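This briefing covers strand pairing and helix packing in the model shown below.

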Amino acid sequence: MFRSRLAATSCRCIGPVSVFRSLPPVCPQRSPYSSHAPMNPATAPSRRKVTINYLRNLYEAGTPITMVTAHDFPSGLAADHAGVDVILVGDSLAMVGLGMEDTNELVLDDILHHSRAVARAAKSSFIICDMPMGSYEISPKHALRSSIRVIQEGRAQAVKLEGGAEMAPTIKRITSVGIAVLGHIGLTPQRQHSLGGFRVQGKTAQSAAKILDDALAVQEAGCFAVLLEAVPPQVAEIITKNLRIPTIGIGAGNGCSGQVLVQIDMLGYFPKGRFLPKFVKTYENIFERSKTAIESYIAEVRSRAYPSEEHTYPINEHEVTEFEKMIMKRKEELEKTSQSK
């Protein structure tokens, strides 16, 4: 009820047209003393919504496609503001966002919750949501039902699923109703136990040919692009040249049509000592910077340096005096009552 009234108030502040583009950073009618200020995605730099056609144009022009993962509203907002082409709500969420042992613990309802949060933030980037293990393997009908939920409830524009030629009938069924699919071949983390762990794929001519066959199969089934994970760069480049759709590499060299990284990995949002795959490049050290900031906060609270006057709300001194008088009067009345007993 409160949120509905707040939303209605926001609309009255800005008028009925171009709600998201016109919304000011702070609505004049909203109290400046709220403990929780909304993060407004409308403050993002203005750019057109990325579509499959736009991605196709990048591919045909030979311009690498950029993709990063996001798992919540702030990470989606950062990626969208940065201007990334595609945001992947990946099942890596299981490990880097929820502390699970592997991606296989994640269920469809989990990722739908996070996909909705990302979609609230990302108004320009193309959003793809991973299909967790158990949400698409039983049958094409089962996969279609899950895919519809991802589009309707997760507010994504496409789905991603793992597997090669064996998943072609499933991909064909999903794409037949107009749902875009990003394939995922090479190292498929949901199948890590059958692969003997997280191991590089395609290191022999025979296994490389199998990956190419898988790529061709998912292309013919209707995938608009395919992700190649943990594949030697020479193999990935040859596969890319033999396809009519973009390849997105992760640990597959720069000969792919685009690249993807897990945002938490690339930002260094983890403590020292955590294992990182060889292909990860860290562009920041957010964990240490966050830790240092929190340590500063703790120190200032202990010393009472925080909150200082600038972080407090003013009150008329006369009112403070009156309040103190009221307290004194109450104490006197309590003492009288106590003595009378």
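Eight strands close into a barrel in the order S1-S2-S3-S4-S5-S6-S7-S8, with parallel pairing; two strands pair if DSSP finds at least two bridges between them. From one strand to the next the twist averages 25°. This is a predicted model, in which local features need pLDDT of at least 70, side-chain atom pairs count only at pLDDT 80 or more, and totals for chains, interfaces and linings use all residues. Residues are numbered from 1 along each chain as its sequence is written, and side-chain values use heavy atoms, leaving out hydrogens and water.

**Strands**
- Strands (E, at least two residues) and helices (H or I, at least four) are DSSP runs numbered from the N terminus.
- Strand S5 (residues 180-186) runs parallel to strand S6 (residues 225-229), and five bridges join them.
- Gly 183 has Val 226 in S6 as its bridge partner.

**Helices on the sheet**
- Helix H7 (residues 140-152) packs on the sheet and touches strand S3 (126-130) and strand S4 (158-162), where contact means heavy atoms within 4.5 Å.
- The direction of H7 makes about 140° with that of S4; axes are lines fitted to C-alpha atoms, for helices over the stretch in contact, and angles run from 0 to 180 degrees between N-to-C directions.
- Helix H8 (residues 168-175) lies across S4 and S5 and runs at about 175° to S4.

**Helix H6 against H7**
- The axes of helix H6 (residues 108-121) and H7 come within 9 Å and cross at roughly 25°.
- That crossing makes H6 roughly parallel to H7 (angles under 35 degrees).
- Leu 108, Asp 109 and Leu 112 in H6 meet Ser 146, Arg 149 and Val 150 in H7.

Terms used
Angles under 35 degrees count as roughly parallel, over 145 as roughly antiparallel, 65 to 115 as roughly perpendicular and the rest as oblique.
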